[in-house]
Amino acid sequence: MMKKILKYSLIALVWIGLWQLIAMAVGHELLFPAPWAVAVRLGELMITLDFYKTIGLSLLRIVAGIAAGVAIGILGGILTAFSKLARDFFAPALAVIKSTPVVSFIFLIVLWISRDVAPLIVAAMIVTPVVWANVETGFLNTDKALIEMANVYKMSRSAKIKHIYLPSIAPYFFASLRASLGMAWKAGVAAEVLLVPVISIGKMISDAKIYLETVDLFAWTVVVIILSVVIEKLMVVLFSALAKKGLSTLKGGEKID
Amino acid sequence: MTELKNIRKSFGNNVVLDDFSLKLTQGSKNVVLGASGCGKTTLLRVIAGLEAIDGGEMVRDEKIAYMFQETRLLPWKNALDNIRAVLKKEDFALAGKYLATVGLADAEKKYPHELSGGMAQRVAFARFLAFAEATDAELLLLDEPFSALDKETATKMLELLIEFSIGKTLVLVTHDEGDIAFADNVIEL
């Protein structure tokens with residue numbers, strides 16, 4: 001464990017050192033601030049209440065969008081796995097969502113709904129098609145021999161879902177989370193930067209750009225990166241725990257391991 | 001009682017069963033013999049209702065227990081939970097009982113990938129026995145259930161099966177002619 005921490009600390013130090021060297025070579029804080037200046041600014045921001053309010057509201061919008069995208073993706077994936085008609089029906093819609101530029105969606109949402117919910121919907125639109133496709137693939141790739149075994153042994157529908165379908169889908173589902181969460185977070189923040197909801201990380205980044213406060217821009221970008229990693233890890237841990245709970249429980253709710 | 005009359009079953013142009021008739025009297029012990037690919041598994045699957053027939057008539061017992069040629073264990077569950085997964089909660093005790101019966105009491109926490117081919121087959125056999133007891137199955141259908149076992153263990157398991165099947169109808173698919181000694185009826189395909 002200590003060896004691992006030491007290794008990753010060293011890697012981080014090398015990258016920060018590289019950042020420092022570039023900052024020294026550029027020689028102008030306005031163009032490329034040094035890591036220390038960014039750390040100091042981050043420290044200043046972190047002792048204000050507004051910092052947490054800003055992060056909280058951005059998180060609320062984007063995580064709500066991610067959660068909605070996951071829910072829609074799961075339901076849609078299950079539906080299209082079982083129905084060829086539904087698969088054909090939704091295929092064009094999913095293709096459109098996947099290939100339409102995010103900015104087009106952002107401006108359309110502002111036009112149709114409101115700028116405050118745009119980051120939420122954008123995050124959902126990034127996550128939905130990825131989770132949808134993977135859940136569908138997971139269902140379709142479920143071992144038919146195991147399903148036949150379950151039918152022969154008269155397993156109930158809920159037991160089949162719990163003991164066969166869920167474990168079969170889980171790897172596909174987690175892969176879709178890993179692939180889409182980071183993208184959704186970044187797209188949500190990008191929507192905020194374009195639409196500047198009153199209290200948001202996007203507004204802080206946008207203000208920093210307008211007033212040429214490059215140190216602030218870097219500091220808020222660091223916040224976005226850290227939150228991206230934290231969200232991804234938390235979501236994967238949360239869904240793994242949920243799946244594990246589901247997978248290790250038999251009929252009647254009795255925990256067996 | 002289970003009866004097949006003039007059954008026809010084909011896969012594309014390949015006719016596997018043609019005008020095939022069979023009567024399995026209650027409590028009879030039947031062995032199906034034949035070369036690989038002659039249709040033994042298809043016959044068993046037809047009897048179990050796992051394959052739709054192209055023609056003929058069939059009457060069969062309602063309570064069936066079936067053991068597949070492959071183990072079909074759930075890879076994410078240990079041996080004990082693989083058996084429990086096909087049982088109702090009130091029958092969970094049967095899982096431990098039959099794992100012990102097939103000599104795998106010590107392996108109940110092992111996952112399929114940690115078991116040898118023979119051990120996995122015995123877990124599948126224990127699951128079959130537990131399910132058959134729990135559902136009071138009248139017709140026992142087994143497709144080469146001991147093919148991965150050494151001769152000595154296979155003989156023990158066969159004795160166990162014969163004892164278990166008293167009063168029940170048994171159909172055993174095998175390629176081992178040594179298994180026919182106990183049979184009332186040998187079906188050669």
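## Report on chains A and B of a predicted model

B:Thr2 lies in strand E1 of chain B, which covers residues 2–11. Apart from neighbours within four places in sequence, the contacts of B:Thr2 are B:Leu22, B:Lys23, B:Leu24, B:Ile47, B:Val59, B:Arg60, B:Asp61 and B:Leu139.

**Positive phi values**

Most residues other than glycine have a negative phi. Two residues of chain B and one of chain A are treated here as cases with a positive value. B:Arg72 is found in the loop between E5 and H2 of chain B, and phi of B:Arg72 is positive although the residue is not a glycine. B:Glu144, likewise not a glycine, has a positive phi and is found in the loop between strand E6 (139–143) and helix H5 (151–164) of chain B. In chain A, helix H9 is followed by A:Leu212, whose phi is also positive. The angles are set out below.

| Residue | Phi |
|---|---|
| B:Arg72 | near 50 degrees |
| B:Glu144 | about 40 degrees |
| A:Leu212 | near 55 degrees |

B:Arg72 has a relative accessible area of 12% and counts as buried. B:Glu144 is buried as well, at 11% relative accessibility.

**The interface between chain B and chain A**

Across the interface of chain B and chain A, two salt bridges are found by the rule. Five residue pairs are in polar contact between the two chains, both residues of each pair being at pLDDT 80 or more. On the side of chain B that touches chain A, strand E5 (64–67), helix H2 (79–84) and helix H4 (117–135) each supply at least two residues. H4(B) gives the largest share of that side, three residues. By residue class, the side of chain B that touches chain A comprises 14 nonpolar, no polar and nine charged residues.

In terms of contacts, 23 residues of chain B meet 19 residues of chain A. The size of an interface is often expressed as the accessible area lost when the parts come together. Between chain B and chain A the buried area is about 2,000 Å², and carbon and sulfur atoms contribute 61% of it.

**Chain A**

Chain A has 10 helices and zero strands; along the sequence its pattern reads α-α-α-α-α-α-α-α-α-α. The C-alpha trace of chain A spans about 75 × 55 × 30 Å along its principal axes. Of its 257 residues, 39% count as buried. Among contacts in chain A with a separation of 6 or more, 73% are between residues 24 or more positions apart.

Helix H9 of chain A, residues 201–210, has as its buried residues A:Ile201, A:Gly202, A:Ile205, A:Ser206 and A:Ala208. These buried residues line one face of the helix, because they fall within an arc of 160 degrees when seen down the axis of H9(A).

Definitions and conventions. Residues numbered from 1 in each chain as written. Chains lettered and ligands numbered in written order. Predicted model: local features only at pLDDT ≥ 70, side-chain atom pairs only at ≥ 80, totals over all residues. Heavy atoms only, no water. Contact = heavy atoms within 4.5 Å. Buried area = accessible area lost by both parts, 1.4 Å probe. Salt bridge = Lys/Arg side-chain N within 4 Å of Asp/Glu carboxyl O. Polar contact = N/O pair within 3.5 Å; in protein donor to acceptor, adjacent residues only side chain to side chain. Helix = DSSP H or I, 4+ residues; strand = E, 2+ residues; numbered from the N terminus. Nonpolar A, V, L, I, M, F, W, Y, C, P; charged D, E, K, R; others polar. Buried < 20%, exposed > 50% of the residue type's maximum accessible area, 1.4 Å probe, protein only. Arc of directions from axis to C-beta.
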